[in-house]
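Hi,

Here's the structure I promised to pass on. Have a look at it first, then read on for what turned up.

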Amino acid sequence: MKHQPLIIMGLSTILMSSAFANDEMPGKALHDDANCLKCHASKPYNPAKTNTFPKLVKAVSFCNDNLNSGWFEDEIHHVAEYLNATYYHHPK
Ligand code: HEC
């Protein structure tokens, strides 16, 4: 009984921080779940090749179609945002 408040506090901190992380970058979870790095770990995302943000959206859309991840348009954008923030850094 003595430890209950601590456990509850710990749990809500975990829940809150994961909700916050997802709000911030919803594309990260989508990207990780789709296992994109299965190929792209050995084929690194290349900002010199995909050299604008619109091309990045097209590339994500292309791989999504090939893989049948079944992402909607807004999810493709979330993933493009995440990849841009993490690897590409193109202006939008
Ligand atoms: C089966 C292997 C494979 C998987 C899995 C895969 N891709 Fe690709 N991806 C490719 C290939 C092949 C290309 C295009 C040719 C190249 O980059 O050499 C490409 C190109 C890309 C590019 C542009 C590459 C660059 O250098 O800028 C992006 C962005 C991309 N994929 C995103 C994704 C995302 C997001 C996922 C997960 C939904 C994904 N890919 C999953 C094979 C894959």
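**Around the ligand**

In the side chain of Tyr 88, an N or O atom sits 2.5 Å from an oxygen atom of the ligand. Keep in mind that this is a predicted model. Thr 50 does something along those lines: an N or O atom of its side chain is 2.4 Å from a ligand oxygen atom. For Lys 43, a polar side-chain atom lies 3.3 Å from an oxygen atom of the ligand. In total there are 17 residues around the ligand, and the ones that come nearest are Cys 36, Cys 39, His 40, Thr 50 and Cys 63.

**The overall fold**

Now zoom out. Of the 92 residues, 23% are buried. Look at contacts with a separation of 6 or more, and 65% of them come from residues 24 or more positions apart. The accessible surface is about 6,800 Å², with carbon and sulfur atoms making up 63% of that.

**The core**

What's in the largest nonpolar core? It has 14 residues, and those touching the most other members are Leu 56, Val 60, Trp 71, Val 79, Ala 80 and Leu 83. Two or more residues come from each of α4 (53–67) and α5 (73–88), and α5 gives the most, with six.

Cheers

Notes
Residues numbered from 1 in each chain as written. Predicted model: local features only at pLDDT ≥ 70, side-chain atom pairs only at ≥ 80, totals over all residues. Heavy atoms only, no water. Buried < 20%, exposed > 50% of the residue type's maximum accessible area, 1.4 Å probe, protein only. Contact = heavy atoms within 4.5 Å. Areas by Shrake-Rupley, 256 points an atom, 1.4 Å probe, with all protein chains shown as cover. Core = buried A, V, L, I, M, F, W, Y, C linked by side-chain atoms within 4.5 Å. Helix = DSSP H or I, 4+ residues; strand = E, 2+ residues; numbered from the N terminus. Near = heavy atom within 4 Å. Polar contact = N/O pair within 3.5 Å; in protein donor to acceptor, adjacent residues only side chain to side chain.
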